[in-house]
Amino acid sequence: MAQVSMTVNGKAASGDVEGRTLLVQFLRENLHLTGTHVGCDTSQCGACVVHVNGKAVKACTMLAAEAEGAEVRTIEGMANADGSLNTVQQAFQDHHGLQCGFCTPGMVMSASALLAENPNPTETEIRAYLEGNICRCTGYHNIVKAIMAAAGQDVSKIAAE
Amino acid sequence: MPKDHGIGASPKRREDLRFLTGTGNYTDDINLYGQLYVHFLRSDVAHGRLNKVDTTDAAAMPGVVRIFTGDDFAGVGGLPCGWQVTDKHGQPMQEPGHPVLAQGKVRHVGDPIAAIVADTYEQARDAAEAIVLDIEELPAVIDMKAAVQDGAPKVHDDLTSNLCYDWGFVEENKAATDEAFKNAAHVTTLELVNNRLVANPMEPRVAVGDYNRSTDESTLYTTSQNPHVIRLLMGAFVLGIPEHKLRVVAPDVGGGFGTKIFHYAEEAFCTFAARQLKRPVKWTSTRSEAFMSDAHGRDHVTKIELALDKDNNFVALRTETYANMGAYLSTFAPSVPTWLHGTLMAGNYRTPLIYVNVKAVFTNTVPVDAYRGAGRPEATYQLERVIDKAARELGVDPIKLRRQNFITQFPYATPVAVEYDTGDYVATMDKLEQIADLSGFEARRKASEAKGKLRGLGINCYIEACGIAPSNLVGQLGARAGLYESATVRVNATGSISVMTGSHSHGQGHETAFPQVIAEMLGIDESMIEIVHGDTAKGPMGMGTYGSRSLAVGGSAMVRATEKIINKAKKIAAHLMEASDADIEVKDGKFHVAGTDKSVAWGDVTLAAYVPHNYPLEDIEPGLEETAFYDPSNFTYPSGAYCCEVEVDPDTGRVTIERFSAADDFGNIINPMIVSGQVHGGIGQGIGQALLEGAVYDDNGQLLTGSYMDYAMPRASDVPFYTVDHSCVTPCTHNPLGVKGCGEAGAIGSPPAVVNAVIDALHSAGKTNVTHIDMPLSPNRVWAAMNA
Ligand code: FES
Ligand code: FES
């Protein structure tokens, strides 16, 4: 067991972890931040995406110890200061970009990272960027649409509700 | 103006707020005080005799509390099967036992052998490695046709063979069907495989068992689409715990798609172990475990023949299917290739004679059961592929051939025992031709060809039987359960409403859509209505969510209970206004005396019900809470027409989906936004089946596709935006909302459209010798077919 300390959603957080403890386990089990999900054991699904020092990272591929001293942001830290949904979250709700909600935290974290890097992505760029995020429910239609809307694009011409 | 509330509106989903902020409550988010963790040691051979499981060293490892093996379950029931199919000779299917932990033999890779309970997962996993297994490996049977040969190794030694049943439907039609084939002007034959799939909801399965010593009550938290069904199966058949001492909770569930219907060994184990150890026991599946322990889907090998007369009318249809059951019978497995498949073989067409034969086979693979559509996608795929092939052989337009044979009169009794109440297949095809812009296809094909790509167009229709199901009918067909749904509408004193429904929501948006129905009936605001589901302690017996049944059956129960509420509330209102209850009308959240300006507000009536000072106590009881059970009188029959356009790269065989359009008739629609989302998701899964997904075993029964590294899930870049339309509406005639169900349509209707499109693309380049390619249409399969 070793001590790790980091900043999570703007607050100092620390705990005792084994060397093999993953960042996602530390977030879920030690900090009870259960919004970050685990959907696979081969780093493929993206349900666990968080931001570490501003970059999208799969929290299942990083040891908690490696995040020592880092700035971590999870889905719990994404809403506006008054608790309302931020632009990306709101776009997901407005455009029905989620169904069961299990992939959603990872999708929102990835989408936010994409928009930080590329504020006006094309449909193709969005689809390519989501390569590491699997959703089984939505067929991706409304996820891609929500991200385009979050970027301020007019999505009214895209088919369907 | 689109409506902004009530039936037909698309309010934003209220459940999204918790999911978007990380405050959902999935089963793995539940941790109980004093909780232990279980890890299952699973077989890594497909078939073997379990000579010895030596746990001595493992039991002494740090943190290990107890190790269970099959012996610990000697006096405990096995996992039950919920459907008994009768074979073509009138005999019951062969039904093997299914122990919670393997006893005597292991029968598939992933079969659980021992369960290690420890203080932490890591300790349990470490200890599993110290268990010494003596397994005598036996030859495995993987291929279905080989499995039913004489002398094949038997999956279950106590059965006569690996044949679960040989089913004929309708057996009385067989001779006439064979005769019609002899006299047919043209017969088209197609052999195909409906590929084995893994449902892969993004949330892996989880179970937490808890036991309360002071009350002798057990609670199971589990990732289930139907917690009441799990309580019944596990309580009555496996562990012998009466329902009043057993509570099953399915909180937020991260997708189901069928595979979370079934009762699994891990659920029974955690409940059992918590009672034994007097501490909570938790299991969280890894994705790798999910691949080898969640029931798989599809896996049919079929020969289908279509007979046509000289005018291209369909005169007879005959099929022979081998359906994989895997190593054990999962909860509803026997029903999928039979009653959910054979009854759909008429599709949208007038084919007077149909005979369906299905051989269900045991193999040394993971059990196979319902996956989104369950039997209906298999029926649609073979039918719509053989029609396309027939059109090519006859040199007629595939749309014209379909239109010519459409059923146009309703109700329509098919030769496969169901009666379609309503539909308009011409209308959905007309709509499809419009939204898919078929007239622009040739120009798009030219544009693709200019880029060096082949372009193909695929069309198909589908019919679904859902809203399952009339209990008396399914009882005759072998179901060991009823298929009604329940709802309790509890009106609180201040007028807010809690609705307890047996329809579990795991992505379908019930928490938003169901209140739209009740709000419309009562004229009150949707925000006053809360949907409560997923906890056997909170609502009456319910049958759960699958088979596109929640609105058609669960919604109908809700309507019936609300009607009872309205009847009683009218009596209270009449009393308050000193009028006759026959004169009371409900409008805009008020009770009016017809023809006067007298009214009382909803809240005054509800308050009177609970503070009955001025109340007709001699006539009616205080309180305002009603329960209804709704048992449907028929299935519902959504239908539609789908169109896919693909590009094929002739150099690599890679297929890309360029356009996808779906015109569906779901009957009446409560929330169009949610309906579109359901169709999108189904199409995404159908494209996955057609192009990418396939669970593959080698000859020894090793699962070659055991993770997302090898099992290709559809990703965002594999699919386009879809054009979906559900403006063609023929309301269901036999449920109060006129709804049909929309959850499975996309997955049923899309695979044949994709494959038809690829064949069309190849034919456009003169590859007319390619009449079929089996799914998934991977680049290497397509390339090989083109270059054969
Ligand atoms: S849990 Fe699947 S990528 Fe991290
Ligand atoms: S919303 Fe269910 S997996 Fe994406």
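1. Is Cys728(B) buried or exposed? In this predicted model, Cys728(B) is buried, with a relative accessible area of 12%. Cys48(A) also counts as buried, at 2% relative accessibility.

2. Chain B contains an open sheet of three strands, ordered β4-β2-β6, with antiparallel pairing. Its edge strands are β4 (105-106) and β6 (132-137) of chain B, each of which pairs on one side only. Strands of a sheet pair through backbone hydrogen bonds, in either a parallel or an antiparallel manner.

3. Within this sheet, strand β2 (residues 48-54) of chain B is joined to β6(B) by six bridges in the antiparallel sense. Gly48(B) has Glu137(B) as its bridge partner in β6(B).

4. The largest nonpolar core comprises 184 residues, and the members that touch the most others are Phe92(A), Val648(B) and Phe660(B). Helix α18 (residues 745-764) of chain B supplies the largest share of this core, ten residues. A second, separate core has 42 residues, among them Val491(B), Ala552(B), Ile566(B) and Ala574(B).

5. Neighbours within four places in sequence aside, Phe92(A) is in contact with residues including Gly97(A), Leu98(A), Met107(A), Val108(A) and Ala111(A). Further contacts of Phe92(A) include Ile143(A), Ala146(A) and Ile147(A), as well as Leu20(B) from chain B.

Methods:
Residues numbered from 1 in each chain as written. Chains lettered and ligands numbered in written order. Predicted model: local features only at pLDDT ≥ 70, side-chain atom pairs only at ≥ 80, totals over all residues. Heavy atoms only, no water. Buried < 20%, exposed > 50% of the residue type's maximum accessible area, 1.4 Å probe, protein only. Pairing = 2+ DSSP bridges. Helix = DSSP H or I, 4+ residues; strand = E, 2+ residues; numbered from the N terminus. Core = buried A, V, L, I, M, F, W, Y, C linked by side-chain atoms within 4.5 Å. Contact = heavy atoms within 4.5 Å.
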